[in-house]
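Please walk through this structure with me. We will go from rings to helices to the backbone.

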Amino acid sequence: MALSLRCALLFIIFVTAFSFAVSAQTTVATDPSRIGVGARSLGMGKSFIGLSDDVSGMFITPASLYSIKNFQATTMSGRFINEFDYMNLAAAAPTKFGNLGLGTASSNISFVGFTSTTEVLDGTRIIPSTTEGATYGFNNRVYLLSWSTGLGGLLEKISLGASYKFFTVDLSGPGIVGGRAKGNEFDFGLNFKPSASVSTGLVVQNALPAAWGGKIRYENGNEETFPSILKVGLSLKLLGEDGFRKIGTNELSFNLDEDLYPLRPSLPSLTHTGFEWSPLPVIDLRLGIDQETVGTGSGSQLEASNNLTAGVGLYFGEFRFDYAYHQYSQLSENTTNYFSITYGAARKKMKPGPSPVKTASFKLLPADKSIMYGDLVTIEGRVLNKEIKSVKVNSLEAVLANDQFKIEFPLVLGKNFYRIDGYDGRENNLDSQRIRILRLKDFKDVPPGYWSGIPIGALAMENIFTGYPDGTFKPEGNISRAELCLLLVKTMSLTAGNEHKIPFKDVAAGHWAARSIAQAVDLGIVKGYPDGRFRPNGLISRAEGVAILSRFDGLPAAKGESSRFTDVSGRSWAYKDVAAADEAGWLDYLKGDLFEPDKKLTRSEVAEMLARITPFSLVVADILDWEKETIRQFYFPEALKPAAIGIEAGKPEEIKPEAIKAAKMEIVKAAEVEKKEMRKFEMPSFSTRPMDKTIVYNSIVTFEGQVINPKITRIRINNVKVVLSGKRYKVSLPLKPGKNSFSIIGYNAQDRLVGRQKIRILSLKDFSDVVPGHPAKMRIALVATLGIMNGFADGTFKPGLAIRRADYLIKLLSIGKIPAAESLELPFIDIKPTDQAAPYIKAGYQRKIITGYPDRTFRPKRPTSRAESVVMLIRFTRQELPRVKSKPYPDAPVGHWAVREITAAKQTGMLKYVLVNFYPDQAITRANTAVMLSNLKPIKDRIKFLLDWGNGYD
């Protein structure tokens with residue numbers, strides 16, 4: 001039977017290879033993953049090290065696995081030079097330990113061998129052999145276990161990977177003995193992506209030396225080694241969203257790899273180069289040059305041969321189908337076709353024109369740019385991006401439960417910023433969102449949403465407007481003439497040395513507002529009455545108030561000839577001032593066509609108008625500017641030279657409104673210049689951690705930092721001598737629960753004080769089982785620090801432990817300082833007079849905090865249900881029960897026995913910890929109890945003081 005020259009050639013190759021294998025010397029083994037790398041990379045001339053963006057890259061560089069974000073799998077088949085059957089199979093997925101992949105690549109051939117034929121070839125007669133028809137086989141396979149991860153931190157643009165490779169070889173046929181072998185090797189890879197458009201890579205293939213096991217060993221004891229190859233690669237995205245240019249939906253990448261053989265200098269280096277062009281989102285077109293080593297025909301010399309490659313990729317949903325055309329040695333009969341199918345490598349959707357709107361990864365409360373008045377804020381949200389596995393708020397990890405999280409932070413007066421970061425399983429930051437919250441000063445009688453609440457809160461932050469000692473503002477209260485003079489003049493006071501004659505017989509020199517009244521009169525802001533009186537305690541009417549504020553602001557005359565207010569005619573003495581104020585927008589809060597000039601002006605109206613007057617409007621605008629991260633500290637000097645406002649001694653009648661307006665602007669400018677000048681001379685003495693106003697959960701604080709002021713040679717912290725190592729220092733000091741104040745004092749060589757810095761630290765109680773990010777951590781720490789709820793002897797709080805009915809009642813009584821009852825007669829059949837809790841249960845019963853069950857039991861050791869806890873709490877606070885028209889929670893229907901108490905608790909903010917359902921019959925936990933108790937009025941006041949950095953620190 002005649003056989004082709006190709007089969008004869010293949011037979012000679014394998015017999016020769018095996019004869020070397022059984023000889024005494026060690027020979028070079030073949031690695032099937034050299035060709036079985038996938039049709040995609042073969043279509044680009046096998047240039048893939050820099051690109052490395054899907055699972056097929058693990059056959060070239062294990063670092064490529066780091067790029068995958070989801071499960072991927074791939075397989076390839078092809079017949080090398082139409083004889084060797086090549087196949088690969090691989091799968092990889094992200095895990096919390098890094099990305100892991102499994103794969104295999106194999107090459108197989110089977111053919112009929114011979115020693116002679118009966119044909120005549122080129123004049124030579126071939127004699128038939130009796131062994132004609134014998135079958136030879138060669139199977140070469142490698143198994144890969146690959147791992148890859150990113151370095152993170154400052155090295156987040158670098159990823160690395162490693163692959164363990166296990167080889168098996170099976171060479172069979174007549175005369176071949178011991179043709180089976182197995183062995184091991186390792187590949188190591190590293191990728192560096194300095195930008196979205198540039199990526200580089202480095203790979204060491206077959207890095208394990210033969211002495212360490214990097215070889216295959218046949219059953220007959222002979223060995224073969226794998227050549228070590230150093231590969232470097234570069235990928236440039238020329239077109240596309242992340243490319244150097246963007247032209248429609250086109251994506252084009254250029255890839256270049258170089259193979260080096262540092263341990264085999266006789267081998268030439270090989271270059272692999274290719275392009276991948278995606279004119280449409282569903283198709284890739286590829287072209288490349290793949291160099292291979294071939295003989296020169298002159299002895300043992302070798303050279304690189306250029307092989308043309310081309311390919312195409314088609315996307316269908318999650319699948320990609322790849323085809324590669326590959327020449328070998330420029331012989332048409334050696335041309336090979338390869339086919340691959342890859343799952344999970346769907347192309348990101350491309351869209352022409354503007355970039356698509358980014359989908360939010362979180363649904364958050366409160367919303368960005370929220371205005372709040374409390375001293376605590378609960379950041380809660382739902383994760384919408386399923387790839388996000390963990391969430392941090394301002395670097396503090398939040399506990400995720402069913403894709404929801406909740407975490408509490410203190411609010412400082414002014415602007416507060418919170419950054420919500422979402423991370424995947426490998427700690428890669430997938431998305432960030434920001435919440436900006438402005439906390440304004442709050443008053444008991446100015447509820448959220450009050451019509452002039454923002455001006456009141458903003459002006460109160462700068463102490464322009466102040467409240468009363470009982471914490472109220474009295475927004476509907478009226479303002480006297482003396483009060484308004486003090487309010488206006490204190491922002492632009494004259495020098496203390498000036499003498500101001502008081503021209504009114506009803507204002508004595510010792511009157512609390514005498515000086516302010518005199519100055520206001522001198523400035524032409526206010527006038528007296530024809531009878532020579534000022535009437536300082538008289539309440540200002542709307543017309544009087546608008547007239548005074550118009551003079552203060554130097555408001556220009558109205559342009560219109562008529563007023564929109566039908567009750568202010570042109571003959572009214574206040575007509576011009578009212579019309580000018582209305583045109584300036586001061587009176588926008590009056591929606592109707594009546595001004596009611598004789599109606600008494602309220603404090604809230606004054607705040608509303610002041611917020612539109614310079615310099616107060618500058619203050620409010622600065623506070624409400626969301627793009628600024630800090631609030632400029634406006635302040636009004638206690639003394640201002642008379643010349644600054646055009647006043648000459650003894651000539652107050654020459655003062656004009658324009659001079660007053662200019663003076664107010666000069667106040668703001670002077671304040672800014674003064675602050676700028678002061679900063680030139682303010683040299684910080686220390687750079688230290690922790691910073692001022694820090695909350696910690698420890699009983700010890702470690703100060704560490706550096707001395708900046710060169711004059712300082714030694715320092716003390718609260719009179720404790722601190723050892724300096726050069727300019728650096730580090731010392732640990734104890735903390736007491738609650739507020740702690742530390743003074744860092746620096747001395748020069750002459751022992752003179754040359755630097756001082758104050759550090760305020762709030763130390764909250766910590767518990768080993770209340771981990772960072774626990775939704776109730778802050779509340780638990782606050783109530784524990786205040787001694788309202790304590791932990792256990794083992795240092796735990798047991799936040800998930802149910803609280804018993806008797807314990808819950810005793811806790812409420814201790815908060816209200818309600819003493820135990822003396823009489824021990826109780827209507828509960830399960831409570832004995834000798835029971836330790838009996839006096840407290842009696843006291844709770846007497847005050848109608850508890851009632852018991854229909855069977856006349858109290859069940860003191862039974863866990864308190866969430867509904868029972870709310871009922872007891874509402875009765876304890878004696879809160880009025882609302883009418884209920886709709887259910888407060890989906891699982892608390894209108895007919896529920898405790899629905900009115902649950903509604904009342906929700907309305908007062910006691911149930912902020914509830915996300916969706918209330919679960920009224922579930923047991924209340926210690927964590928839930930801590931949150932609810934922290935919302936009680938007396939405890940809220942104590943928490944407010946605890947979080948107030950301006951009070952309680954020495």
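**Rings, helices and backbone**

The charged end of Arg866 sits over the ring of Phe918, and the distance to the ring centre is 5.4 Å. This is a predicted model. Lys798 lies over the face of Phe792, at 4.4 Å from the ring centre.

Rings also pair with rings. Such a pair is described by the distance of the centres and the angle of the planes. With centres required to lie within 6.5 Å, the count comes to 23 aromatic pairs. Which residues do ring pairs link into a cluster? They are Phe71, Phe319 and Tyr343.

Now turn to the helices. Two packed helices are described by the angle between their axes and the distance between the axes. Start with α12, which spans residues 805-815, and α16, which spans residues 926-934. Their axes come within 13 Å and cross at roughly 25°. Angles under 35 degrees count as roughly parallel, so α12 is roughly parallel to α16. The crossing of α12 and α16 is right-handed. On the α12 side, the contact uses Tyr808, Lys811, Leu812 and Ile815. Thr929, Met932 and Leu933 meet them from α16. By class, this contact of α12 with α16 has 5 nonpolar residues, 1 polar and 1 charged.

Helix α12 also packs on α13, which covers residues 838-846. Here the angle is about 70°, and the axes are 10 Å apart. The range for roughly perpendicular is 65 to 115 degrees, and α12 and α13 are therefore roughly perpendicular to each other. Which hand does the crossing of α12 and α13 have, left or right? α12 passes α13 in a left-handed crossing. Leu809, Ile810 and Leu813 are the α12 residues of this contact. Their partners in α13 are Tyr840, Ile841, Ala843 and Gly844. The contact of α12 with α13 divides into 6 nonpolar residues, 1 polar and no charged.

Next comes a helix pair elsewhere in the numbering. Helix α3 runs over residues 453-461, and helix α9 over residues 616-623. The two axes come within 10 Å and cross at roughly 100°. That angle makes α3 and α9 roughly perpendicular to each other. Ala458, Leu459 and Met461 of α3 make the contact with Phe616, Val620 and Ile623 of α9. What classes do the residues of the α3 and α9 contact belong to? The contact has 6 nonpolar residues, with no polar and no charged ones.

The loop that runs between α3 and α4 (481-489) holds Lys474. Phi of Lys474 is near 55°, a positive value in a residue other than glycine. Most residues other than glycine have a negative phi, and most peptide bonds are trans.

Pro366 is in the loop between β20 (362-365) and β21 (370-372). Another cis bond runs from Arg689 to Pro690, with omega near 5°. Pro690 lies in the loop between β28 (686-689) and β29 (694-696).

Look back at α12 to close. Helix α12 is roughly parallel to α16, and roughly perpendicular to α13. The crossing with α16 is right-handed, while the crossing with α13 is left-handed.

Methods:
Residues numbered from 1 in each chain as written. Predicted model: local features only at pLDDT ≥ 70, side-chain atom pairs only at ≥ 80, totals over all residues. Heavy atoms only, no water. Axes fitted to C-alpha atoms, helices over the stretch in contact; angles between N-to-C directions. Helix = DSSP H or I, 4+ residues; strand = E, 2+ residues; numbered from the N terminus. Parallel < 35°, antiparallel > 145°, perpendicular 65-115°, else oblique. Left-handed = near helix turned anticlockwise from the far one by under 90°. Contact = heavy atoms within 4.5 Å. Nonpolar A, V, L, I, M, F, W, Y, C, P; charged D, E, K, R; others polar. Phe/Tyr/Trp six-rings, centres within 6.5 Å; stacked < 30°, edge-to-face > 60°. Lys NZ or Arg CZ within 6 Å of the ring centre and 35° of its normal.
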